[in-house]
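Hi there,

Here is the structure I promised to pass on to you. Please open it beside this email, and then read on for what was found in it.

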Amino acid sequence: MRSYYKLYQAVAKELDCGHKVVILTRLCFQSNSPDASNKTILTEAEIKKAADAADSSFRLAQSALQDGKLNYEEDGQGNYLIAEPYFPESRLIILGGGHIAKPLAEFSAKCGFSVTVVDDRPSFANKQRFPLADKVLCESFDSCFPLLNINRSTFIVIITRGHRHDLDCLRQALHFETAYTGMIGSKRRVRAAIAQLSDEGFSDEKLNLVRAPIGLDIGAQTPEEISVSILSELIQFKRKCADRNWPELDRAVLSELSEERQEPRALATIIQTKGSVPRNIGAKMVVWPFGKTLGSIGGGCSESSVMQVAYDVIQSGRCKLVDIDMTGEVAEEEGMVCGGTMKVIVEPYD
């Protein structure tokens with residue numbers, strides 16, 4: 001069995017640069033060889049360059065890149081070709097560490113955003129105030145932008161303590177291509193800010209992309225309610241806007257796959273779902289032979305049965321396909337609220 005930790009290191013590097021990639025996996029479930037799988041990485045640039053390629057692997061990769069979903073083909077002989085997209089994680093940069101930033105950072109982190117908070121006051125920019133944030137920077141708003149690694153997967157929320165700082169942040173943010181840029185403020189102040197930036201030479205095309213006043217209009221009044229209105233708009237842009245589809249990414253699992261280990265492991269990945277299931281296509285779980293796991297494919301009996309298969313995979317070195325049934329009597333007997341099915345591949349990973 002090949003070791004693929006360097007491949008996943010390359011994936012992590014591309015994601016950190018704001019680039020999308022697709023991993024192509026070829027599996028043969030009928031082979032007795034312990035080396036019946038093969039993985040390669042295709043960058044977004046390589047896939048787009050081969051837009052007219054007749055090769056089925058490129059066509060499958062193009063589809064995965066376009067819709068942000070794992071796709072696969074099976075030839076009826078036990079051979080699977082799987083195209084798995086990896087997109088940069090949705091990063092949220094909160095400029096300002098005040099009373100709205102605190103619940104916004106907490107709620108956003110719990111909804112899957114990688115959160116960075118910036119403020120120029122040490123009493124506001126600290127890990128104790130924002131325990132769920134991945135990064136907390138105590139920097140001036142004038143000098144922080146080169147430190148933020150802003151790319152097309154970055155969401156910027158401008159909620160500083162004053163209109164002047166808000167305007168300075170927006171002025172700098174407009175130089176970047178982001179997934180979302182929003183600024184707090186009354187309609188009057190927002191109009192004045194946009195007019196000033198227009199006079200400074202920023203195009204209407206750029207200014208029209210700014211969400212201001214920020215958040216969905218839900219009548220929010222308290223800091224917690226305002227943070228919910230902002231987060232709701234972020235999720236709306238992430239999930240519903242064109243070209244904004246994010247596949248499921250567990251950074252902890254990716255980090256583990258990027259590590260060279262001596263002990264054998266198994267990697268379980270959901271490749272197909274039907275009906276109501278606890279996790280989406282692409283969800284992963286790493287399994288060790290002594291019962292330790294990382295990541296999740298749904299919990300309960302679904303994970304338990306996959307773990308049993310994973311132990312066999314670790315011993316035999318051969319990949320296996322598992323069908324999980326959570327419908328009808330099976331679900332009722334196990335006390336599950338779901339009512340669907342999942343198809344899971346389990347691969348040796350050492």
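Let me begin with a definition: a crossing of two helices is left-handed if the near helix is turned anticlockwise from the far one by less than a right angle, and right-handed if clockwise. Before we use it, please note that this is a predicted model, in which local features need pLDDT of at least 70 and side-chain atom pairs count only at pLDDT 80 or more, while totals for chains, interfaces and linings use all residues. Residues are numbered from 1 along each chain as its sequence is written, and side-chain values use heavy atoms, with hydrogens and water left out.

Two helix pairs

Helices (H or I, at least four residues) and strands (E, at least two) are DSSP runs, numbered from the N terminus. Axes are lines fitted to C-alpha atoms, for helices over the stretch in contact, and angles run from 0 to 180 degrees between N-to-C directions.

Start with helix α5 (residues 163-173) and helix α6 (residues 187-199), whose axes cross at roughly 45° and come within 11 Å. The two are therefore oblique to each other; angles under 35 degrees count as roughly parallel, over 145 as roughly antiparallel, 65 to 115 as roughly perpendicular and the rest as oblique. Their crossing is right-handed. On the α5 side the contact (heavy atoms within 4.5 Å) is made by H163, L167, L170 and R171, and on the α6 side by R189, A193, Q196 and L197. These residues divide into four nonpolar, two polar and two charged. Here Ala, Val, Leu, Ile, Met, Phe, Trp, Tyr, Cys and Pro count as nonpolar, Asp, Glu, Lys and Arg as charged, and the others, Gly among them, as polar.

Is α5 largely enclosed or left open by the rest of the structure? Eight of its 11 residues are buried, so α5 is largely enclosed. Buried means under 20% relative accessible area, exposed over 50%, and partly exposed in between (1.4 Å probe, protein chains only). The buried residues of α5 pack against β5 (91-95), β8 (154-158), β9 (180-183) and α6.

The second pair is helix α4 (residues 101-110) with helix α8 (residues 223-240), packed at an angle of about 45° with axes 8 Å apart. This crossing is right-handed. P103, L104, F107 and S108 of α4 meet P223, E224, S227, V228, I230 and L231 of α8. By class, that contact has seven nonpolar, two polar and one charged residues.

A five-stranded sheet

Now look for the open sheet with the strand order β12-β11-β10-β14-β13 and antiparallel pairing. Two strands pair if DSSP finds at least two bridges between them. At the edges stand β12 (293-295) and β13 (320-325), each with a single partner strand, so one side of each has no neighbour in the sheet.

Strand β10 (residues 265-274) is joined to β14 (residues 341-349) by nine bridges. Across that pairing, R265 stands opposite Y349, and A268 has V346 as its bridge partner. Four bridges join β10 to β11 (residues 284-287), where L267 stands opposite V286. Seven of the 10 residues of β10 are buried.

Finally, find Y86 in strand β4 (residues 79-86). Y86 is buried, with a relative accessible area of 6%.

Happy exploring!
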